[in-house]
Number of protein chains: 2
Amino acid sequence: MDWPPAQIWDLELSQLRSNPGGLPEGGGTAGRGIRLCRGKRDEELILPINSSLSVTLHQDQLKTTTTAAISKDFTEDRIWLNGREEDVGQPRLQACLREIRRLARKRRSAGDEDLLPLSLSYKVHVASVNNFPTAAGLASSAAGYACLAYTLAQVYGVEGDLSEVARRGSGSACRSLYGGFVEWQMGQRADGKDSVARQVAPELHWPELRVLILVVSAEKKLTGSTVGMQTSVETSPLLRFRAEALVPARMAEMARCVMERDFQAFGQLTMKDSNQFHATCLDTFPPISYLNDTSRCIIHLVHRFNAHHGQTKVAYTFDAGPNAVIFTLDDTMAEFVAAVRHSFPPESNGDKCPASRSRFLKGLPVRPALLSDELKAALGMEPTPGGIKYIIATQVGPGPQVLDDPHAHLLGPDGLPKPAA
Amino acid sequence: MDWPPAQIWDLELSQLRSNPGGLPEGGGTAGRGIRLCRGKRDEELILPINSSLSVTLHQDQLKTTTTAAISKDFTEDRIWLNGREEDVGQPRLQACLREIRRLARKRRSAGDEDLLPLSLSYKVHVASVNNFPTAAGLASSAAGYACLAYTLAQVYGVEGDLSEVARRGSGSACRSLYGGFVEWQMGQRADGKDSVARQVAPELHWPELRVLILVVSAEKKLTGSTVGMQTSVETSPLLRFRAEALVPARMAEMARCVMERDFQAFGQLTMKDSNQFHATCLDTFPPISYLNDTSRCIIHLVHRFNAHHGQTKVAYTFDAGPNAVIFTLDDTMAEFVAAVRHSFPPESNGDKCPASRSRFLKGLPVRPALLSDELKAALGMEPTPGGIKYIIATQVGPGPQVLDDPHAHLLGPDGLPKPAA
């Protein structure tokens, strides 16, 4: 499976639901969010060693789309990811399928016969597509598994909390089941029944908040984040201290920042928590380094930008990879994008030059802005051409929604992926 | 002053003593060592938040040479560093001068009049030269201040423990006053009188131990390590936890490893402690990153090399900069140098080609070795040409010694620096 496990980000879920070719079918898209730490206390059930909080990003910019169908004519469970068939036997995928079928069985035995007209023994076909790079720290696993859980729930007629289904695929996926600001409560029970996601504030709570994803590298990373996390829990004394002694207060403070829309405190805590997470990665043995020299230049840029303004106007966070996620408010976005463009000028690539501007900045429109000479001097950096490949501008997004357009389905009437347009 | 404060390394001290031109004069050279953490609890007295341990390296390869002279004809204190006059008013330098004069006065009032024939009001001239890059994390400040303390003690006829004099210049400099393996006991007293260095094991205790310095960059670093350390103590919750809860046990374990010459455990602890120190740097706000992409490639290389051999044959540690210090035993040095050369091939630079081999590897001779195809495959890295500028091969060294050769003096009979040869 190309979905890397355990990420900061949750993809927004949108859900497509219709029944072409007589197949029960469902689908969705899924997003991202900031996360306040992680670490698993149980690898099998995927239970975290601390609670966490994320922001679900808008599916207009970043999404996973999934279609699922069940049929008596299917001879086996199958899955296609970004157009390529993957091994359906992958344990986390199997755990999701087992869990959704268990919930469906439970529901049927409770008498909701009409919600599940088809046999639970029918095989399922799933197709899923991300519109962003996978397995490079852009949280495709959270997105993928949240979307899968939501889609399967549609197909199997399962309602209610899907935290457990999504969590079995990728821990942070459970946060992706909601829009806005979402908390994953670690819970106390050994069986994980109380390790669930809940919405802290809805999508439209903080309308000025903007998110910029600075894509440093779309290459696959050396260390998958699940392997990394396991090793960290086993070897880093700093990680355990952080989870037990520091995270609970930080969670409460982060929730307060969000509720009060206190960007200064929100931004500082976001940066500190990202740094501390990466510190525990470095304290792992052998050490894990997700940040690279470009990531560190971005960190430097943000601190210089804020110092110039005398306040925290911009904040960074990094997941299990070198790409930066920047939080800012709408009145600062244009100036910061100009600062990024100044410090990391897009590489001109000959024949494609006219389009290069639009390719460097994707997503929400950002008006051009001029940098003052004072700010340029304050940044004090040698420009690094090509250090940042492109920027995606986005914002807080909604939770899962059904897509009604049958043309958006990824599976055709034969239950096989449609040929790419 | 070009000496960066607070470093892992102690330079070996050698001391020159003679009296050309009738001037009381002293001089010395100083080296490096591994360190088991740092952090200051008192910025003024330079007291650490935890004890630390270092290895003093051999002055045949890395040294600071210092000459000092006092005369009634000098009109002011003056200092020259690497041939350039520096501001003698620098507070740490002033603290060293004050402290040595205080000790001299104390000694004189105790009746040792003959040891100090000259007036304490005479001004001093100091010249100091490093044979390695300064201010780039190669511990020139520890070397410089240790050497300065030792040299001034010669000139002023002060004997006994110089920890306090050296420490006032740079905390880790007090370790450089001894050869072999040296502990800096943090002490408990508010006045710092019990914050002193002591030798754990002498120079020849572990004759097979070798040290390779992989010089990644000789550029000055962005963050001086004193500023970094202060900010870390103030802002990193992980640093305080480390100092209080983790370092004491690690100190005891490190001393055991050294006493028993247990390279496996010594190497692993050295790597873990280096990683944990850099983790607390990252947990500092704003974060501090001394490691760069090449540093991380070296870390990766070491772990792959050890994994291939199924044991810890090589260990890394990083100070406040990107340069790696590698510990290994003499039977492994040649193969590891070949692995470094394979992964970071020296850049061929045209006209200087014939000499490039000798320039890449300095210090102790290392016999050429061939890498097995299995090891090459195990390293599994794209070579990074020019990533490492050069290697210095060295070993554990002695403490300070007097240099008797008057030609080695840095000050001429007029008390001014001799013109460079």
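Biologist: Leaving aside its neighbours within four places in sequence, which residues is T294(A) in contact with?

Modeller: Keep in mind that this is a predicted model. Beyond its neighbours within four places, T294(A) is in contact with V216(A), F344(A), G387(A) and I388(A). T294(A) itself lies in helix α7 of chain A.

Biologist: Why is T294(A) called buried?

Modeller: Its relative accessible area is 15%, and buried means under 20%, so T294(A) counts as buried.

Biologist: What makes I49(B) buried?

Modeller: I49(B) has a relative accessible area of 11%, which is under the 20% limit, so the word buried applies to I49(B). I49(B) sits in the loop between β4 (47-48) and β5 (52-55) of chain B. Its C-alpha atom is 8.6 Å from that of V233(B), although 184 residues separate the two along the chain.

Biologist: Let us turn to charges. Why is the pair R296(B) and D293(B) called a salt bridge?

Modeller: The closest N and O atoms of R296(B) and D293(B) are 2.1 Å apart. The cut-off is 4 Å, so this pair passes. Both residues lie in helix α7 (residues 293-309) of chain B, three residues apart, about one turn of the helix.

Biologist: What makes R296(B) buried but D293(B) partly exposed?

Modeller: R296(B) has a relative accessible area of 14%, under 20%, so R296(B) is buried. D293(B) is at 29%, between the limits of 20% and 50%, so D293(B) is partly exposed.

Biologist: What makes D293(B) and R296(A) a salt bridge?

Modeller: The closest N and O atoms of D293(B) and R296(A) are 3.7 Å apart; the limit is 4 Å, so they count. Across the interface of chain A and chain B, the rule finds two salt bridges. The elements giving two or more residues to chain A's side are α5 (237-259), α6 (263-282) and α7 (293-309) of chain A. α6(A) gives the most, with eight residues.

Biologist: How much area do chain A and chain B bury between them?

Modeller: About 2300 Å², 75% of it on carbon and sulfur atoms. In chain A, L238(A), L282(A) and F285(A) lose the most area to chain B, together 26% of what that side buries.

Biologist: One last thing: how do you know that strands β5(A) and β10(A) pair?

Modeller: Four bridges join β5 (residues 52-55) to β10 in chain A, and pairing needs at least two, so these strands pair. They run antiparallel, and L53(A) stands opposite E183(A) in β10(A).

Methods: Residues numbered from 1 in each chain as written. Chains lettered and ligands numbered in written order. Predicted model: local features only at pLDDT ≥ 70, side-chain atom pairs only at ≥ 80, totals over all residues. Heavy atoms only, no water. Buried area = accessible area lost by both parts, 1.4 Å probe. Salt bridge = Lys/Arg side-chain N within 4 Å of Asp/Glu carboxyl O. Buried < 20%, exposed > 50% of the residue type's maximum accessible area, 1.4 Å probe, protein only. Contact = heavy atoms within 4.5 Å.
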